[in-house]
Amino acid sequence: CTLSAAARRGKYLWLELDTAGPGDDALLAHLGMSGQMLVEPPDAPGEKHLRVRVRFDDDGPELRFVDQRTFGGLSVHPLAAAAGGGLVPESVAHIARDPMDPAFSADDAVAALRRRRTEVKRALLDQTVVSGIGNIYADEALWRARLHGARPTEKLTRAQGHAVLDAATTVMHEALAQGGTSFDALYVNVNGASGYFDRSLNVYGQADRACRRCGTPIRRDAFMNRSSFTCPRCQPAPRPRR
């Protein structure tokens, strides 16, 4: 078959398979915590954790899926109509559009945030509300918007909702321009190059360092088996729920 297009939504990437028949399929990829999609010369040695090798008719560069921890995966699914238009693999039709999608509606995403009865950071990480925002960029967006991640979503104003989504969009564009955030050799682009946005992080991973905005030491808190980083002064914690 022919790989006719590459597309993505949030953290999912897929290659459309043109099989010249009704109901085309897609090769769906999710990188998990350690997956890599690499473009390599066909004579390059196989990587230690090479899982899938895709060869092409022209005997040119190969597409390789490498995954050390095997949290990622590849699977084939039929394409189906998604809410809001477009075709996506049917298994991810429930995933919301991300802020970098040309068809993304900030108004709809803000309304979805405010309908939830949870904390704003948990809602930002909920891929059915808005996709593509991970733990690092959620912390960075909340810092820029001067919001604490524990703020109840039902108490967010529309202006605050737009502020945090605008901040997330800006953060991701800036990170993309620098190749992403690479903490080790597992986080690389298709050519094996690391990103440098970790040098621009304002709060994530900056525990006990001075806030770049006010000088207050950054605080680290446990969050969903991970960590949250905030500035206690710029992002005052909300009062505990009754």
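Mentor: We may; please bear in mind that this is a predicted model. The charged end of R213 sits over the ring of W143, at 3.9 Å from the ring centre.

Trainee: What makes K121 another case of a charged end that sits over a ring?

Mentor: The charged end of K121 is 4.3 Å from the centre of the F223 ring. The definition asks for a distance within 6 Å and a position within 35 degrees of the ring normal, and K121 is found to sit over the ring of F223.

Trainee: Why is the pair of Y204 and F229 called edge-to-face?

Mentor: The angle between the two planes is 70 degrees, and planes over 60 degrees apart count as edge-to-face. A search of the whole structure finds one aromatic pair.

Trainee: Which parts of the chain does the pair of Y204 and F229 tie together?

Mentor: Y204 belongs to the loop between α4 and β9, whereas F229 belongs to strand β10, so the pair joins parts 25 residues apart in sequence. Both Y204 and F229 are buried.

Trainee: Why do C231 and C234 count as buried?

Mentor: Buried means under 20% relative accessible area. C231 has 0% relative accessibility and C234 has a relative accessible area of 6%, so each is buried.

Trainee: What makes β2 and β3 a strand pair?

Mentor: Two strands pair if there are at least two bridges between them. β2 (residues 12–18) and β3 (residues 25–30) have six, in the antiparallel sense, and E16 has A26 in β3 as its bridge partner. β3 also pairs with β7 (residues 73–81) over six bridges, again antiparallel, with H30 opposite G73.

Trainee: Which residues have the most contacts inside the largest nonpolar core?

Mentor: They are L113, L124, I133, V164 and L165, in a core of 37 residues. The elements giving two or more residues to this core are α1, α2, α3 and α4. A second, separate core has eight residues, including W14, L28, V92 and I95.

Note on methods. Residues numbered from 1 in each chain as written. Predicted model: local features only at pLDDT ≥ 70, side-chain atom pairs only at ≥ 80, totals over all residues. Heavy atoms only, no water. Core = buried A, V, L, I, M, F, W, Y, C linked by side-chain atoms within 4.5 Å. Buried < 20%, exposed > 50% of the residue type's maximum accessible area, 1.4 Å probe, protein only. Helix = DSSP H or I, 4+ residues; strand = E, 2+ residues; numbered from the N terminus. Phe/Tyr/Trp six-rings, centres within 6.5 Å; stacked < 30°, edge-to-face > 60°.
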